[in-house]
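Visitor: I would like to learn how to read a model like this one. Could you walk me through it?

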Amino acid sequence: MEWNEELQSFTYPCPCGDLFQITKEDLRIGEEIARCPSCSLYITVIYNPEDFDEDKSKGKKQGNIIQQPQQQIPVA
Amino acid sequence: MEEGSRREEPQKEEEIWSWGAGTDGQLGTGKLKDELLPQLLHLPSLAASAAGSISMLACGGAHVVALTSGGRVLTWGRGTSGQLGHGEMVNCLYPKAVNSLEDHVITHVSAGWSHSGFVSDGGCLFTCGDGSFGQLGHGDYSAYSTPAKVSYFVNNHVEQMACGMRHSLVLLKGSLGSQVYGFGSGKRGQLGISVEKIKSANLPRVTAGFEDIQITTITANGDHSASLSVDGKLYTWGRGFSGSPDINVPSCTLPSLSFSQVALGWNHALLLTDDGEVFMLGGNRHGVLSNTEKLMNTAPNHLPGTESSSFTSELFILSTSLFLCPLTSFIFLVLITVDGEVMTWGWGEHGQLGLGSTSDETDPCLVRNEKEVVAISRVYCGSGFTYAVKAVD
């Protein structure tokens, strides 16, 4: 994942064209899920809790892309 | 020109349809929203450019690069990394000509997650967009908002470029035979340049192993790379499929088979043999195959639901490598049958299946637009969006 200054988050491309995002604050409190604002996909983030405090450019990896169970939305 | 006749070369008209994710203007509809059904585009700038019909499209993360038969380039969609090449870092809702390339006749275009590549008939390569992984090949990690020539190839003739998520591949033609180069992110071995992993390269490096092999096509997507040789052998490198180890230098894949086309997604690959059979590598989740229990790690699988369709080799010559469209998303697929019907299946949350809903589909479904089957000759996929081109005589 890369640090995105504008979004103030670590990001990684989502197959839908948007970005998976997770903030430093999320990581600090132990959050492991980076979500996509445009769709239900998410990824798990693997990181070393000590790393991200010092240098924001290292230590971030991501796991597999996961989709949440989806509700069918019927279109009339 | 016949005497007394002012008739010009008759131009085939085309219909261009788009559907799927659209919030960055990538669908060319002028509206910043997803479309669940194929939308027929009215693109006056394409007609006005008087540069002929569309010879190819390249669809990236959220942008589109269009090449006309007259060698002109138009781009639209997300432009915040400079990938549109208009000299600014903003999105563009409609096709806009890349003016800085107007002195060149462009013969090939490509699009990655946030970068673009353009090849001229003289064999020059131009790139623009995000460069933070070195994927532009200019020797730096800067973004470029206008296409810049890749000076490394000044004495070579570039024939093709392929863009993955953050890496690029280049195919040269010359008296020494074809050669493949890679630059950009190499963390998954996708540059194919060394048995040891290279984190990134911001200048082109030779992809290993093709010294005595004539490569005709290169393709890239996600962190995968692939090529086809003149005798139909498939080579893959980069991120492994279905949890297999990454491959750092090109490896002949399924050597007993002879392939005519390969299309890569982020997590899978679709392969077409000379006999018209379709195989898949990876992609064993999210319903891309109906029966996932049959899957083994990298064993190829016939796609269920396609056994009864006939995929003739003639159709593939017409639609080039995009019969099996370059599948940026790992979780939806598009096929064209011999009758020009479009079939889609997989993840449908952004309407990218073009079926009128956001439901997922586990089996191939026919794409229709309000009861009219869209008879299509070429299909192109970006991240969560799809373009289809239909020639109309």
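**Reading the two chains**

Guide: Gladly. For residues 1-48 of chain A, an unreviewed UniProt entry lists "domain: DPH-type MB". Keep in mind that this is a predicted model.

Visitor: How many helices and strands does chain A have?

Guide: Chain A has two helices and six strands. Following the sequence, they come in the pattern β-β-β-α-β-β-α-β.

Visitor: What share of chain A counts as buried?

Guide: Here a residue is buried when its relative accessible area is under 20%. In chain A, 38% of the 76 residues count as buried. The accessible surface of chain A is about 4,400 Å², with 47% of that belonging to carbon and sulfur atoms.

Visitor: Now for sheets. What is the strand order of the open sheet in chain B?

Guide: To read a sheet, follow its strands from neighbour to neighbour. In chain B the four strands run in the order β3-β4-β5-β6, with antiparallel pairing.

Visitor: Why do β3 and β6 of chain B each have one side without a neighbour in the sheet?

Guide: Both β3 (54-59) and β6 (92-97) of chain B stand at the edges with a single partner strand, so one side of each has no neighbour in the sheet. On average, neighbouring strands of this sheet are turned by 15° against each other, direction ignored.

Visitor: How many bridges join β4 and β5 of chain B?

Guide: Strands β4 (residues 63-68) and β5 (residues 73-77) of chain B pair in the antiparallel sense over five bridges. To look at one residue pair, find Ala66(B), whose bridge partner in β5(B) is Leu74(B).

Conventions: Residues numbered from 1 in each chain as written. Chains lettered and ligands numbered in written order. Predicted model: local features only at pLDDT ≥ 70, side-chain atom pairs only at ≥ 80, totals over all residues. Heavy atoms only, no water. Pairing = 2+ DSSP bridges. Axes fitted to C-alpha atoms, helices over the stretch in contact; angles between N-to-C directions. UniProt positions renumbered as here; feature names shortened; annotations may be inferred. Buried < 20%, exposed > 50% of the residue type's maximum accessible area, 1.4 Å probe, protein only. Areas by Shrake-Rupley, 256 points an atom, 1.4 Å probe, with all protein chains shown as cover.
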